[in-house]
Amino acid sequence: MADYPLAAFHYQVEWGGEKMSFSEVSGLNIEIQMIEYRAGDEPQSEARKRPGISKYGNITMKKGILAADNKFFEWLDATPANKLADRKDIIISLLNEAHEPVMVWKAINAFPVKVEGPGLKSTGNEVAIESIEVAIEKLTIENG
(Lines give C-alpha, C1' and ligand atoms only; values in the text may rest on other atoms or scores of the structure.)
Protein backbone atom coordinates (compact mmCIF):
# COMPACT_ATOMS: atom_id res chain seq x y z
CA MET A 1 0.00 0.00 0.00
CA ALA A 2 1.43 3.34 -1.03
CA ASP A 3 1.66 6.30 1.32
CA TYR A 4 -0.78 8.95 0.17
CA PRO A 5 -3.11 11.41 1.90
CA LEU A 6 -6.53 10.11 2.86
CA ALA A 7 -9.67 11.35 1.16
CA ALA A 8 -11.76 13.67 3.34
CA PHE A 9 -15.09 12.39 2.02
CA HIS A 10 -15.12 8.93 3.65
CA TYR A 11 -16.04 9.22 7.32
CA GLN A 12 -18.60 8.21 9.89
CA VAL A 13 -20.06 9.92 12.94
CA GLU A 14 -21.27 8.26 16.14
CA TRP A 15 -23.39 10.47 18.35
CA GLY A 16 -24.14 9.11 21.80
CA GLY A 17 -23.56 5.56 20.55
CA GLU A 18 -25.79 5.96 17.46
CA LYS A 19 -24.30 6.14 13.95
CA MET A 20 -25.56 9.14 12.00
CA SER A 21 -24.98 10.31 8.42
CA PHE A 22 -23.66 13.83 7.86
CA SER A 23 -22.72 15.58 4.64
CA GLU A 24 -20.18 17.83 6.34
CA VAL A 25 -18.27 18.05 9.63
CA SER A 26 -16.07 21.02 10.51
CA GLY A 27 -14.38 22.59 13.52
CA LEU A 28 -12.10 19.76 14.60
CA ASN A 29 -9.51 22.03 16.16
CA ILE A 30 -7.45 22.30 19.32
CA GLU A 31 -5.63 25.43 20.42
CA ILE A 32 -3.27 25.92 23.33
CA GLN A 33 -3.65 29.38 24.75
CA MET A 34 -0.40 31.16 25.46
CA ILE A 35 0.60 32.67 28.78
CA GLU A 36 2.94 35.65 28.68
CA TYR A 37 4.81 36.73 31.79
CA ARG A 38 7.47 39.25 32.56
CA ALA A 39 8.64 40.30 36.00
CA GLY A 40 9.25 44.00 36.41
CA ASP A 41 12.90 43.59 37.45
CA GLU A 42 13.96 41.40 34.51
CA PRO A 43 16.71 42.96 32.36
CA GLN A 44 15.20 41.91 29.03
CA SER A 45 12.08 43.61 27.71
CA GLU A 46 10.58 40.50 26.13
CA ALA A 47 7.93 38.48 27.91
CA ARG A 48 8.42 34.79 28.58
CA LYS A 49 5.92 32.54 26.83
CA ARG A 50 4.47 29.32 28.20
CA PRO A 51 1.75 26.95 27.09
CA GLY A 52 -1.51 27.51 28.93
CA ILE A 53 -5.02 26.09 28.90
CA SER A 54 -6.25 24.04 25.94
CA LYS A 55 -9.19 25.45 24.02
CA TYR A 56 -11.45 23.44 21.71
CA GLY A 57 -13.49 24.93 18.90
CA ASN A 58 -17.17 24.24 18.36
CA ILE A 59 -17.96 21.43 15.93
CA THR A 60 -20.53 21.98 13.18
CA MET A 61 -22.25 19.03 11.51
CA LYS A 62 -24.58 19.26 8.51
CA LYS A 63 -27.02 16.73 7.15
CA GLY A 64 -29.97 16.45 4.83
CA ILE A 65 -33.35 16.86 6.52
CA LEU A 66 -35.43 13.70 6.79
CA ALA A 67 -39.20 13.72 7.35
CA ALA A 68 -40.14 13.43 11.04
CA ASP A 69 -36.49 13.69 12.18
CA ASN A 70 -36.17 16.54 14.66
CA LYS A 71 -33.27 15.24 16.80
CA PHE A 72 -31.19 18.41 16.56
CA PHE A 73 -33.92 20.75 17.80
CA GLU A 74 -35.08 18.28 20.46
CA TRP A 75 -31.54 18.10 21.86
CA LEU A 76 -31.19 21.89 21.78
CA ASP A 77 -34.64 22.38 23.35
CA ALA A 78 -33.74 19.95 26.17
CA THR A 79 -30.70 22.08 27.08
CA PRO A 80 -31.85 24.52 29.80
CA ALA A 81 -30.01 27.80 30.25
CA ASN A 82 -27.18 27.77 32.79
CA LYS A 83 -27.66 24.10 33.73
CA LEU A 84 -25.79 20.94 32.88
CA ALA A 85 -27.04 19.91 29.49
CA ASP A 86 -27.72 16.44 28.14
CA ARG A 87 -24.16 15.91 26.99
CA LYS A 88 -23.07 13.32 24.48
CA ASP A 89 -19.74 12.06 23.25
CA ILE A 90 -19.30 12.31 19.48
CA ILE A 91 -16.83 10.09 17.62
CA ILE A 92 -15.79 11.11 14.11
CA SER A 93 -13.77 8.51 12.21
CA LEU A 94 -11.93 9.04 8.93
CA LEU A 95 -12.16 5.73 7.06
CA ASN A 96 -9.90 3.93 4.59
CA GLU A 97 -10.98 1.99 1.49
CA ALA A 98 -11.89 -1.03 3.64
CA HIS A 99 -14.22 1.21 5.75
CA GLU A 100 -11.89 0.93 8.75
CA PRO A 101 -11.10 3.94 10.98
CA VAL A 102 -7.60 5.31 10.40
CA MET A 103 -8.00 8.62 12.28
CA VAL A 104 -10.49 9.14 15.11
CA TRP A 105 -11.58 12.39 16.75
CA LYS A 106 -13.44 12.01 20.06
CA ALA A 107 -15.43 15.05 21.14
CA ILE A 108 -16.12 14.71 24.86
CA ASN A 109 -19.22 16.11 26.62
CA ALA A 110 -20.75 17.82 23.60
CA PHE A 111 -23.91 19.88 23.96
CA PRO A 112 -25.79 21.92 21.33
CA VAL A 113 -25.35 25.68 21.08
CA LYS A 114 -26.97 26.32 17.69
CA VAL A 115 -29.34 24.60 15.29
CA GLU A 116 -29.82 26.09 11.82
CA GLY A 117 -32.48 25.14 9.32
CA PRO A 118 -32.06 25.12 5.54
CA GLY A 119 -32.05 28.08 3.20
CA LEU A 120 -35.36 27.84 1.38
CA LYS A 121 -35.58 28.98 -2.23
CA SER A 122 -38.59 28.48 -4.52
CA THR A 123 -36.38 28.08 -7.62
CA GLY A 124 -33.77 25.84 -6.03
CA ASN A 125 -33.34 22.10 -6.46
CA GLU A 126 -30.85 21.42 -3.66
CA VAL A 127 -31.30 19.05 -0.76
CA ALA A 128 -32.61 20.79 2.39
CA ILE A 129 -29.63 20.85 4.77
CA GLU A 130 -29.78 21.49 8.52
CA SER A 131 -26.83 22.01 10.80
CA ILE A 132 -26.04 21.68 14.47
CA GLU A 133 -23.17 23.37 16.27
CA VAL A 134 -21.96 21.77 19.49
CA ALA A 135 -19.60 22.99 22.18
CA ILE A 136 -17.23 20.41 23.60
CA GLU A 137 -15.07 20.12 26.71
CA LYS A 138 -12.26 18.12 25.12
CA LEU A 139 -11.16 16.75 21.74
CA THR A 140 -8.80 13.81 21.42
CA ILE A 141 -7.23 12.53 18.23
CA GLU A 142 -6.17 8.90 17.84
CA ASN A 143 -4.96 6.62 15.09
CA GLY A 144 -7.63 4.05 14.20
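What share of the contacts between residues at least 6 apart in sequence join residues at least 24 apart? I got 63% for the protein chain, with contact meaning heavy atoms within 4.5 Å.

Ground rules, before I go on. This is a predicted model, where local features need pLDDT of at least 70, side-chain atom pairs count only at pLDDT 80 or more, and totals for chains, interfaces and linings use all residues. Residues are numbered from 1 along each chain as its sequence is written, and side-chain values use heavy atoms, with hydrogens and water left out.

**Entry 1: overall build**

I looked up the secondary structure and found ten strands and one helix in the protein chain. These are DSSP runs numbered from the N terminus, helices being H or I with at least four residues and strands being E with at least two. Reading from the N terminus, I get β-β-β-β-β-β-α-β-β-β-β.

The C-alpha trace spans about 65 × 50 × 35 Å along its principal axes.

Then surface and charge. I have 24% of the 144 residues down as buried; buried means under 20% relative accessible area, exposed over 50%, and partly exposed in between, using a 1.4 Å probe and protein chains only. The accessible surface comes to about 10,000 Å², and carbon and sulfur atoms hold 52% of that. Those areas come from the Shrake-Rupley method with a 1.4 Å probe, and for residues only the protein chains shown count as cover.

I counted 16 positive and 22 negative side chains, with the centres of the two sets 5 Å apart. Lys and Arg are the positives, Asp and Glu the negatives, and His and the chain ends are not counted. Each charge is placed at NZ of Lys, CZ of Arg, CG of Asp or CD of Glu.

**Entry 2: the core**

Which residues have the most contacts inside the largest nonpolar core? They are I59, M61, I90, V134 and I136, in a core of 19 residues. A nonpolar core here is a set of buried Ala, Val, Leu, Ile, Met, Phe, Trp, Tyr and Cys residues joined through side-chain atoms within 4.5 Å. At least two residues each come from β1 (11-15), β6 (59-64), α1 (71-77), β7 (88-95), β8 (101-116) and β9 (129-135).

I wanted to see where the buried glutamates sit. E130 is in strand β9 and counts as buried because its relative accessible area is 8%. Beyond four places in sequence, E130 touches M61, K62, K63, I65, D69, F72 and E116.

E42 sits in the loop between β4 (30-37) and β5 (48-56).

**Entry 3: positive phi**

A68 has phi near 65° and belongs to the loop between β6 and α1; at 89% relative accessibility, A68 is exposed. N109 has phi of about 55° and lies in strand β8, where N109 is partly exposed at 27%.

**Entry 4: partners across the sequence**

Leaving out residues within four places, A135 contacts N58, N109, A110, F111 and V113. A135 and N58 are 77 residues apart along the chain, yet their C-alpha atoms are 4.7 Å apart. A135 is buried, at 12%.

L94 and H10 are 84 residues apart in the chain, with 6.2 Å between their C-alpha atoms. Contacts of L94 include L6, H10, Y11, P101, M103 and W105.
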